[in-house]
2 protein chains.
Amino acid sequence: MIITFWIWLLLFLTKLSYSSHEPIDKDSAKNCKYLDETHLENFFKAIDYRKDFFIERLAQAVDIPSVSSQSESQGDLLYMLEWAGDILKNLGFSWQIKIPTLSNNSKYRSSLKYPFLFGHLPIAQKIREQTLNKSKTLLIYGHVDVVAAKYSDGWEQSDPFVLERKNGFLKGRGTTDDKGPVVAWLNALSVLKEELGNDCFPPLNIKIFLETGEEIGSPGLRKILSNEATFFNDIDYLVVTDNSWLTNHKPCLTYGLRGMVYFSLEIKGPFNQDLHSGIYGGPVDEPLQESVYLLASLVDKDGKILIPEIYDDVLPLEEPENASYSSIQFNDKNPGAYYVASKNEVLAKKWRWPSLSIHGVEGSVSQKGDVKTVIPHRILSKFSIRLVPDQDPERVKALVRTYLEELHANWTMGKEDTNTMTLESLHEGIQAWYNPNPQNNPVFIIAEKAVKRVYGLKPDYTREGGTIPAVVYLSQAVPSPTNVILLPIGTADDGAHSQNEKISEQHFMNGTKLMLAYIYELSLTQY
Amino acid sequence: MIITFWIWLLLFLTKLSYSSHEPIDKDSAKNCKYLDETHLENFFKAIDYRKDFFIERLAQAVDIPSVSSQSESQGDLLYMLEWAGDILKNLGFSWQIKIPTLSNNSKYRSSLKYPFLFGHLPIAQKIREQTLNKSKTLLIYGHVDVVAAKYSDGWEQSDPFVLERKNGFLKGRGTTDDKGPVVAWLNALSVLKEELGNDCFPPLNIKIFLETGEEIGSPGLRKILSNEATFFNDIDYLVVTDNSWLTNHKPCLTYGLRGMVYFSLEIKGPFNQDLHSGIYGGPVDEPLQESVYLLASLVDKDGKILIPEIYDDVLPLEEPENASYSSIQFNDKNPGAYYVASKNEVLAKKWRWPSLSIHGVEGSVSQKGDVKTVIPHRILSKFSIRLVPDQDPERVKALVRTYLEELHANWTMGKEDTNTMTLESLHEGIQAWYNPNPQNNPVFIIAEKAVKRVYGLKPDYTREGGTIPAVVYLSQAVPSPTNVILLPIGTADDGAHSQNEKISEQHFMNGTKLMLAYIYELSLTQY
């Protein structure tokens, strides 16, 4: 408690000291003539000035272990939203938390809740008057849940839920995915309000939508989008910051995401406990043998998925997209290695072709050093397939089921007592998303301007191999699915979902500036 | 301490009460004319009379968590031997513990010790005088280490190291493998001494040899056998009770064991931490994908091992062995299921053909319920092959290595940065053991008599699918490798190495009688 007091005292003093930096032109602000470009530099300085305070804000967010896959984190999911709501309230937002009722046949235990935050702040009166009824509405999406993390996974810091600030990096679970970006949005809004004053903030209508179940497949999201359709039906721009740059050195704008289907594959032997492999090895059907047979039948050494018909609906890679890959600066050897040599092929494999990853094999002798000679009696394997346009998740699920059922029938054919197989989808299937022709899309053109203001660079136009269900469903909920952009601020080596997740201080601060610049550029479109 | 005191008081009173049962003919005993067959029934009654005391002895042994695979059990390994040594001392044995020095290149950390107990009690003077220098020497082998066990593995009892006596069963780790049999030997000897008196006990030379590293491949065994060769060079009969009956209903004598080679197969990706499967899935080499490819290439759905040349040295199954399978009573559906229909084929697959079992896959997402979307960066798989005559473990190891290296080269061929593979043998390879023509072997004929005395049945002659390195090496250390027999007392469903390991009270007691009867029958051969 005493330490907490001193931290708060420090923050309070930091806050007091804001007034000592050079203010922007008071008259311009008063009259909301801030939209003169010279002001952007002042805003950036104001962001730099608040660095320690902003990092402390991130530390508070990381400190809340809002792990959506753990039922014991239920309270922390809600607490995270309330924590964000407090900051939004100070910014003038009205906000509320809504919790959809999950159906009984949901994969998520119906007693668990994944709340959503809806925040709204209308454009400042003075600015609206100048926009001649052309005022626009921006929707910011983020998620404040994280994947599990513990020291024993291989973290350098003893507690992944205590932010470590070291050598210019901010380390901890959620720093890049996605608490860091959410906090950066809140920070950008804080500076804008501070600098513009109440009369001129915000310079356009701003809505914010925060989720707490993104990492487990967004339970309840589709329902809440349907229940709250009016919240979304006046959105002009939807911006999502939940992915990373393709590299460590160059910003990018992201126009595509892969989708996903996730399976658990249980193979159970015709016996109820592990067997001694000396006594029983030979005449009994071994679940782990069948499991590796099935898993090895899913994908070949070159990453080609072996499930029949799975490539039938995949859109071909055509110009100008194919050509655009050549101009992308991508020579990263992060995480260390790709097995394909050509850049274009690496990018196509990450973005444009489906991939199948095997994540885990549960139920076998998996303790380090254990040399038990047993035949495990039940094996649960997990694998997922990343989908691309125009693959339909339901069709892919059916293809996987048909294929594995055939292989299982082949394994058990002609045998007496044999293994049984149970295949389940652990996630709702998520389709891929993409914004065609981004280089001519106004949403991207505005974002490109913002990137140039912060980094002095034209961003790369990239896709992304990951999956964000919210992007798919939100792009269907807003009036135009093409007014959607992914604006990443973290870098390729940030380690989302991995041990030692981090964001650099530099990218956290520049990201805040990018978000402010983006709001600034959007607000210019209203005149 | 108080509880311990009461237990000891109880045992003391139990011991005092021995004198109250009907004694055998005092004169016969005094003159060592006990070898009249009618005495055997008296000995059996004396065993029954001591039931609670004998079970309490087993409880004491189970209570010592002598898990050879855990370094924290080092003290308990030694303690188990000292505990057995105390009982042997009371029986008149001289005994000592010897600890071989393990070489630095041993797989076992050289600081760990796996001690052996050597016990010896010469034939009673009065009996030796009657044998006309034909007195024989019996060597009893057992091991007092166990495999790991914990409640969370799925045990019904909260502590697998506290014997649970329930519904006629004795449950706990080691009850059947191999503390139960070792205690049964000690119990049989106790009754013989009690009933015969000091002058006539033992009726032949008895040596005992106890091991503490059997479950981890018998480290130091070969060295100690070489160091202590004189201890073994006068052995006439070697009896080992470290396997189980083929069924639950019929005793058997075992004349064969399979051997074993045990491998760990590490596949490491060209990156140092788990990767996000969305961001990296496609262009990176996935260690778990290669692992399942390699593992699935080891064995087919019918248990046929796919490693080239591995069957070259396997002896064919010929008559009369093949015919002998038909007379074996084996219709057990324990553990529930075999995938082959014919009895002879089940037996051949258990005993006569090599089998390959995959035990574990370490390093993947293996926590229950975890749905992480990662590409694990390092997978360690474990598998073993049970060997049969005349397969040479070193040749099999070489075949496995050649095959996996070829498959790995195939997987990585033409790729830029790829996985690396490391194959290791975790055990010293153990060859198979068998005693040809057991039905005409005097050692088996004597044991068959003992079985008939206890169970009133002719035993089945069986092989065993498991591996006991001590049998292989001891049969080479004693003068004649054909004077070796396996004399099991537990049943097929006892669950050695598994959850809820047990032995029934009935089989524990009958086993004690069998051991006594076996010593009795052996001693008759001296005249």
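In this predicted model, 77 residues of chain B are in contact with 77 residues of chain A. Several elements of chain B each supply at least two residues of the side that touches chain A. They are listed below with their residue ranges.

| Element of chain B | Residues |
|---|---|
| Strand E10 | 275-276 |
| Helix H10 | 277-280 |
| Helix H11 | 287-296 |
| Helix H13 | 343-352 |
| Strand E11 | 355-362 |
| Strand E12 | 374-375 |
| Strand E13 | 378-387 |

The most is given by E11(B), which puts seven residues into the side of chain B that touches chain A. Sorted by class, that side of chain B holds 33 nonpolar, 28 polar and 16 charged residues.

**Relation of the two copies**

**Chain A**

Chain A has 527 residues, of which 55% count as buried. Its secondary structure consists of 17 helices and 18 strands. When contacts in chain A between residues at least 6 apart in sequence are considered, 81% of them join residues at least 24 apart.

**A helix pair in chain B**

Within chain B, helix H4 (residues 51-62) packs with helix H7 (residues 179-196) at an angle of about 135°, and their axes are 10 Å apart. Because of that angle, H4(B) is oblique to H7(B). The crossing by which H4(B) passes H7(B) is right-handed.

Which residues make the contact between H4(B) and H7(B)? On the H4(B) side they are Phe54(B), Arg57(B), Leu58(B), Ala61(B) and Val62(B). H7(B) contributes Lys179(B), Gly180(B), Val183(B) and Asn187(B). By class, the residues of this contact comprise five nonpolar, two polar and two charged.

Note on methods: Residues numbered from 1 in each chain as written. Chains lettered and ligands numbered in written order. Predicted model: local features only at pLDDT ≥ 70, side-chain atom pairs only at ≥ 80, totals over all residues. Contact = placed C-beta atoms within 7 Å. Helix = DSSP H or I, 4+ residues; strand = E, 2+ residues; numbered from the N terminus. Nonpolar A, V, L, I, M, F, W, Y, C, P; charged D, E, K, R; others polar. Axes fitted to C-alpha atoms, helices over the stretch in contact; angles between N-to-C directions. Parallel < 35°, antiparallel > 145°, perpendicular 65-115°, else oblique. Left-handed = near helix turned anticlockwise from the far one by under 90°. Buried ≥ 20, exposed ≤ 12 C-beta atoms within 10 Å, placed from the backbone.
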